[in-house]
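Please go through the model below, one region at a time.

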Amino acid sequence: MTVHLSTVVIGGGTGFIGTALGRSLRRRGYDVLTVSRKPGPYSITWGDFNKTGLPDSTTAVISLAGQNVLDPMRRWTEGFKQNVWASRINTTRYLAQAIQAASVKPKVFVTASGVGFYPANQDEVYDEDGPGGDFDFLSRLCSDWENAANLPSDLGVRVVKIRTGVVLGRQGGMVQQLFLPFYMGLGGPVGSGEQPMPWIHIEDIVGIFIHAIESENVTGVVNGVAPQILTNKEFATAFGKALWRPSVIPLPTFAVNMLFNEERGKIMTEGQKVIPKKALQTGYSFKYPNITVAAKEFARLIYADNMHI
């Protein structure tokens, strides 16, 4: 009997990206099963998942689980760092093991990673072949996360690893946190503002995940960033302009380091120039290729989700 592969299993699909991705996949006709800490509609717990494994109808498995690195309510302790690591690597391993144990294999396994894989640099431009992954906690986290998704080649399951930049969208992430200060005219760059800020609109990161699922020519590492290279100051200027507000009040580096600790604060105070070479080569077309267009979308005062993927 032929099984119709129509289910996408998302590990950790309750966050900003996962929620948007799940909605878009359902609109495209997929059945979406989320694996999370709490049961709910269209979701099961990790404990139940370990018992049942993948549905036979699974066409794709996506790993998105992970403790929020920039949670300002959590101190950057060794214990919290271990939670950040385990919440990504262990869940990705569970999903990889479930794929290996499945009687009917999915077509593709997609895991998230991060552009923190690449060293901070204001000169070099990184594509997917750029060096990194071994110089600090966050870069090694990206390496371990990607390695946890590796599968034996004889399984015939395509593996894609998406290194995401800063995801910009009204309903989560950085924009949700910054909207009120910027609307009040209190926004501005972080530190000098000259640091590169690899970014992507929420609709495009969702689009790249769907592109990875549906395009058989997409394999290995894919940089999940917009094609426009941007500084933090240019982002702040575009956001303020879209809101018709000034955006000149900087957030000093020392304040970021006091709030987050220097080791994770450099996610905001340092950055990399990253380009989406593979996404473009494999035929993905960006809906928000520059920050002016993106900021007009997420800065609207009366906002409704209009994603049309």
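Leu 186 lies in the loop that joins helix 5 (173-183) to strand 9 (199-201); helices (H or I, at least four residues) and strands (E, at least two) are DSSP runs, numbered from the N terminus. Leu 186 counts as exposed because its relative accessibility is 52%; exposed means over 50% relative accessible area, buried under 20%, and partly exposed in between (1.4 Å probe, protein chains only). The model is predicted: local features need pLDDT of at least 70, side-chain atom pairs count only at pLDDT 80 or more, and totals for chains, interfaces and linings use all residues. Residues are numbered from 1 along each chain as its sequence is written, and side-chain values use heavy atoms, with hydrogens and water left out.

Strand 9 pairs in the parallel sense with strand 8 (residues 166-169) over three bridges, where pairing requires at least two DSSP bridges between the strands. In this pair, Leu 168 is opposite His 201 of strand 9.

The largest nonpolar core has 41 residues; such a core is a set of buried Ala, Val, Leu, Ile, Met, Phe, Trp, Tyr and Cys residues joined through side-chain atoms within 4.5 Å. Helix 6 contributes the most to this core, with eight residues.

Most residues other than glycine have a negative phi. Trp 244, not a glycine, has a positive phi of about 60 degrees. Trp 244 sits in the loop between helix 7 (232-242) and helix 8 (253-260), and is exposed because its relative accessible area is 76%. Asn 261 also is not a glycine and has a positive phi of about 85 degrees. The loop between helix 8 and helix 9 (262-269) holds Asn 261.
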